[in-house]
Every structure is written in C-alpha cells, then in structure tokens.
Amino acid sequence: MAPPPHKLRGRHERSVRRSGWRWGRPSSAGGPLNEPVSLRRFHVEPFRLHRFGNCHVASRAKTTQSTWAETRTQVRHSIRRRASGVWGEVFLTFYFRRTTGTEAKLAPDRSNRRRRASCEASTCLFAPGCPRGGAARGGTIGSRQSIQEQEGISPVSNSSTSPIDPVKLDKLGEVAIKVGLQLAEGQDLIITAPMTAAPLVRRITEHAYKAGAGLVTTIYSDEEATLYRFRHAKDASFDRAAGWLYAGMAEAYKNNAARLAISGDNPMMLANEDPEKVSRANRANSAAYRPALELITGFDINWNIVSYPTPNWAKLVFPNDPEDVAIAKLADAIFKASRVDQDDPIAAWKAHNANLQARWTWLNGKKFSALKYTGPGTDLTVGLADGHRWKGGASEAKNGVTCNPNIPTEEVFTTPHRLRVEGTVSATKPLSLNGTLIENIQARFEEGRMVELKATKGENVFNKVLDTDEGARRLGEVALVPHSSPISASGILFYNTLYDENASCHIAMGQCYADCFEGGKDLTSDQIFAQGGNRSLIHIDWMIGSDKVDIDGVHADGTTEPVMRKGEWAF
C-alpha cells in the first residue's frame with residue numbers, strides 16, 4: 001500500500017517552495033491575482049497502470065472550484081478507462097496559482113532528481129511542460145486523446161496537431177495489410193522503415209495483428225546515424241555491410257515471412273557526401289542483401305512497399321512551403337496515389353487491379369517479340385525475353401498469396417531480353433539516385449548493353465552505379481504507364497522511384513523479375529538467364545515516356561501494332 005496523501009504533504013510542499021512556485025487555492029469568489037492561499041491535492045485510487053511519468057500536473061483551466069472538481073473527475077475517469085499494464089498507485093498533485101491568463105503551470109517535483117529523470121525518460125501522460133507530455137504535444141491534460149497519443153493505444157495515435165490526416169493514415173495501414181500483402185493468418189511479417197515513419201509502422205502493425213499475424217518485427221533506419229558513418233567512419237567501413245542481418249531476413253523469407261518496406265528517407269540525404277564512398281557502400285550492401293533480394297525478385301513471398309511523408313522528404317518536394325504545409329501536401333499526394341482518400345479504398349483497389357489485368361491480359365495474348373519506342377531523342381527497340389509474361393497490380397506469389405507489391409502502382413511490366421536492345425533513348429524525367437538528381441539522361445544501346453551515357457547533371461554518379469557488375473548496364477524491366485496516370489497528372493516530382501516510375505513508361509537497369517516468365521515459379525535462375533533474363537546486384541528504374549512518345553508492339557514476323565499513342569493506351 002502506498003502512504004496516504006497527508007503523509008507526503010510536507011515533503012512536496014517544501015520542494016514546491018524551493019522551486020519558487022506560489023500556492024493557489026480554487027476560489028469561486030475570485031480575489032487578487034497573487035493572493036497566497038493553501039495547497040489542494042487529491043488521491044487517485046489504485047488502477048491498472050501502463051506507463052506514467054513522475055511529473056506533477058497542473059490544470060490549464062481557470063482556477064475555480066467547479067473547474068477543480070471537473071478536472072479531477074476528468075483525469076480520474078480517463079486514467080481508469082484508458083490506462084493499462086501493471087498494477088500500481090499514482091498520486092496526482094495539482095498546484096494552482098493565479099496568473100494573468102488564468103492558467104496554472106507545471107510544477108515538477110525537484111526534490112528527487114531520480115524521479116524527475118524517470119519522467120523525462122518515459123512517456124508522461126499529463127504534464128504539459130514535460131518533454132514528452134500531453135499538452136506540449138497538443139493534447140488536453142488528462143484527456144482520452146492525450147493518453148492515446150502518448151501510449152499509442154488508440155486506433156489512430158497521431159497528435160491532433162499533426163498535419164497528417166490520421167484517418168487516411170490508418171486506411172493506408174489497412175490497405176498495406178489487406179491489399180498490399182494480403183497477410184495470411186499466422187504469417188510472420190518483417191517491416192523496414194525510417195524512424196520518422198513510426199506512426200505508419202504502428203498502424204500497419206495493429207492491422208497485421210488484427211489480420212492474424214504471427215509475429216511482426218520492425219527494423220528501423222536512422223538518417224542521422226547514416227550520416228555519422230559517412231562523416232566519421234574509417235575508410236574500410238565503406239566496404240562492409242550487415243550480411244548477418246540480411247542472412248537473417250533471407251532465413252525468415254525462406255520460412256514464409258512476408259516483407260513490407262516503408263519508403264520515406266530523404267532522397268538527397270547523401271548529396272553532400274563523397275560519391276566514391278556512397279558507391280562502395282551501396283555495392284557492399286547490394287552484395288550482402290542479394291540472398292534476401294533474390295527471394296523478393298523471385299516472388300517467393302508476398303511483399304509490399306508503401307510510403308510515409310517524412311519531414312525531410314516533404315521539404316525536398318515542396319521547398320517553398322513551411323514544414324507542416326509541405327508534410328500535409330505530400331501526405332495528401334501519397335493518400336491520393338494510394339487510393340486511401342476514397343470512401344472504400346479496398347474496393348477502389350479491386351477495380352484498379354481489374355483494369356490493370358485487362359491491359360496485361362491483352363499484351364500476353366499478343367506475344368510481341370519486341371517493343372518499338374519513338375519520340376523526341378528516342379528511337380529504341382527493346383526485345384522481350386523468350387517466354388516473357390506481362391504482369392501488373394495484384395499477382396500471386398510462389399507461396400500462394402496474391403499481393404500488390406507496390407502501392408501505388410499504375411504499371412504493367414515484363415522482362416526484356418538482356419541481349420536484344422538496340423538504339424537511343426532520352427529520359428523524360430530526372431532520376432534521383434544516391435543523393436544526386438540525374439538530369440537529361442541520354443543513352444545508346446548495342447546488343448542489349450548500354451554503351452554510351454550522357455547527362456547534364458549526375459552523369460558520373462550514374463556511371464559508377466552502372467559499373468557495379470556486368471549486368472548493371474543491361475535492362476531488367478520494361479514497364480508501360482499511361483501519361484494520364486494520377487501521379488503524372490499531379491505534376492509532382494517525388495524524387496522517389498516508387499512514385500515517379502508510376503508517372504511514366506520506364507525501363508530498369510539490372511536485375512530482372514523472375515516471375516515475369518511463363519511457368520516462372522518452376523524455372524531455375526539458370527533457365528531464366530538462358531531465356532534472356534538479366535542478373536545484377538542493382539535494379540534502377542528511369543523514366544522514358546511522355547505525351548510525345550509512341551510505342552508499337554513488334555510481332556515475330558516484323559509486323560507492328562499500336563500499343564500507345566501520345567503516351568496513352570491505343571487499345
């Protein structure tokens with residue numbers, strides 16, 4: 001049993017006097033602003049406690065007798081209704097003083113430094129001046145909203161002051177599980193995400209467990225920690241990678257764990273770092289990641305990528321807006337592209353997948369041997385792999401689960417033949433790569449290999465990446481996207497391939513997708529290679545479509561048929 005309140009009174013009063021706080025007494029009769037009056041307190045009975053800081057709390061209401069009673073009742077009710085965890089007892093002490101704004105302020109107990117440090121290291125539910133406290137983050141002291149925000153136990157835990165719509169964020173979490181992954185009951189899930197995307201991670205985790213997930217494990221990355229490496233690590237560090245981590249992820253995928261990645265890192269994070277170190281680190285990381293990547297590109301498991309509007313990314317996309325406005329704009333763009341701005345996002349995705357299926361079904365029926373691209377700076381023929389298969393939207397993985405790997409997606413795609421690409425091509429949008437914006441790309445291909453590359457900006461960076469291995473200068477994907485796609489219509493350059501590739505037809509350098517073959521589930525990597533599939537440690541998409549580009553399908557006999565005209569479907 002905790003001691004009754006009266007036995008604690010003397011110590012608390014002394015600590016408050018030392019801190020310079022004046023006593024205040026609730027008074028319906030009013031009185032002088034600085035009238036010294038007695039201290040009032042009340043005792044909260046034992047309740048189930050989850051986590052509670054050691055700050056004492058002051059009401060932000062007017063200091064009247066009625067407000068005192070209302071505040072006490074509100075706090076006690078909120079605690080009993082929402083708090084959870086271990087049994088314990090808490091004494092709430094209200095220190096009131098009259099101020100010109102008729103508000104009371106926080107009075108921390110400074111008589112016990114360890115208790116105060118404990119508060120600062122944990123999540124304080126009520127203290128408005130606490131570094132992690134309620135009113136300081138937009139909540140009301142003792143309110144249901146404040147408890148939910150600090151403890152993350154509500155369906156939507158964003159602060160009321162967040163520029164991100166919490167309802168749509170929750171819908172995105174639900175879509176990621178029910179559409180993106182279609183997570184199977186009992187299936188484990190591995191999430192990778194930047195630390196700043198934690199609000200979306202929590203929403204996804206909640207919906208995953210509601211869907212019957214076995215175990216959800218999140219691996220966070222941190223931009224600041226990454227930058228410390230490039231600024232302070234020894235030179236040998238940039239040839240190392242966490243192979244043990246990727247080996248563990250590969251082992252989890254072999255045991256049927258699903259994979260979900262949340263993108264949101266600042267695309268220009270490494271813009272000011274040594275390009276040679278960036279290239280070496282990426283090369284080491286790609287090699288270490290290959291065992292896990294092969295299981296993803298081979299579609300052995302159900303996997304998905306979604307995005308979260310982090311502050312640094314938002315400021316890059318909307319540099320002329322205040323941070324909160326930029327975040328809100330990027331969030332709205334993400335929600336619209338991901339179809340969670342609609343009343344029933346799951347039904348919207350069902351209809352969208354049906355439309356994509358109609359496109360790739362037509363293309364598969366034609367069995368074109370190549371695609372012919374013509375437009376400003378472009379005269380390119382892309383041969384298609386033997387036994388290739390078009391895909392798009394929802395697809396069935398080898399584990400039998402149908403999933404949408406990319407949210408958003410507007411593309412239908414297949415595997416080109418790594419030896420049958422000829423001609424010249426010009427990029428229609430910039431490519432964000434390793435912290436560099438590569439602009440006005442022009443390339444020439446001979447016998448499938450890129451033999452010439454020019455760019456007005458970032459040419460050296462792109463060339464370094466293309467020197468990763470022999471397959472890096474050959475194509476691994478060709479994708480068709482109508483110029484009128486929602487992402488293209490937005491007019492936004494996202495600096496993020498997941499979005500920018502869905503604004504335009506594109507090609508990808510490097511690794512092919514093994515499931516883009518007839519009977520691909522049963523083909524070995526050697527068989528895929530023999531049919532024209534490419535092998536590489538990289539996979540980099542860049543955009544070559546616009547409303548000025550036409551695409552024809554080429555049959556085996558050399559005859560052609562329109563596929564796209566002025567960037568739109570011709571069938």
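Let's start with Cys 516, which counts as buried because its relative accessibility is 0%; buried here means under 20% relative accessible area, with exposed over 50% and partly exposed in between, using a 1.4 Å probe and protein chains only. Keep in mind that this is a predicted model, where local features need pLDDT of at least 70 and side-chain atom pairs count only at pLDDT 80 or more, while totals for chains, interfaces and linings use all residues. Residues are numbered from 1 along each chain as its sequence is written, and side-chain values use heavy atoms, leaving out hydrogens and water.

So what about disulfides? A disulfide is a covalent bond between the sulfur atoms of two cysteines. The cut-off used is a pair of cysteine sulfur atoms within 2.5 Å, and the structure holds zero of them. Cys 512 is in no disulfide, and the nearest cysteine sulfur, at 8.0 Å, belongs to Cys 516. Looking from the other end, Cys 516 has no disulfide either, with the sulfur of Cys 512 as its nearest at 8.0 Å. Cys 512 also counts as buried, because its relative accessibility is 2%.

Now over to strand 5, residues 258-263, where six of six residues are buried. (Helices, H or I with at least four residues, and strands, E with at least two, are DSSP runs numbered from the N terminus.) Both faces are covered: Ala 258, Leu 260 and Ile 262 are buried on one side, and Arg 259, Ala 261 and Ser 263 on the other.

Which strands pair with strand 5? Pairing takes at least two DSSP bridges between two strands. Strand 3 (residues 189-194) pairs with strand 5 in the parallel sense over four bridges, with Leu 189 opposite Ala 258. Strand 6 (residues 303-307) also runs parallel to strand 5, joined by five bridges, and here Leu 260 stands opposite Asn 304. To get from strand 5 to strand 6, the chain passes through helix 9 (residues 275-297) in a right-handed β-α-β crossover; that is, with the strands pointing away from the viewer, the path from the first strand over the helix to the second runs clockwise.

Last stop: Ser 338, in the loop between helix 11 (323-337) and helix 12 (345-366). Ser 338 counts as buried because its relative accessibility is 1%. Not counting residues up to four places away in sequence, Ser 338 touches Leu 172, Trp 349, Ile 407, Pro 408 and Tyr 499, where contact means heavy atoms within 4.5 Å. The C-alpha atoms of Ser 338 and Thr 409 are separated by 8.1 Å, though the two residues are 71 apart along the chain.
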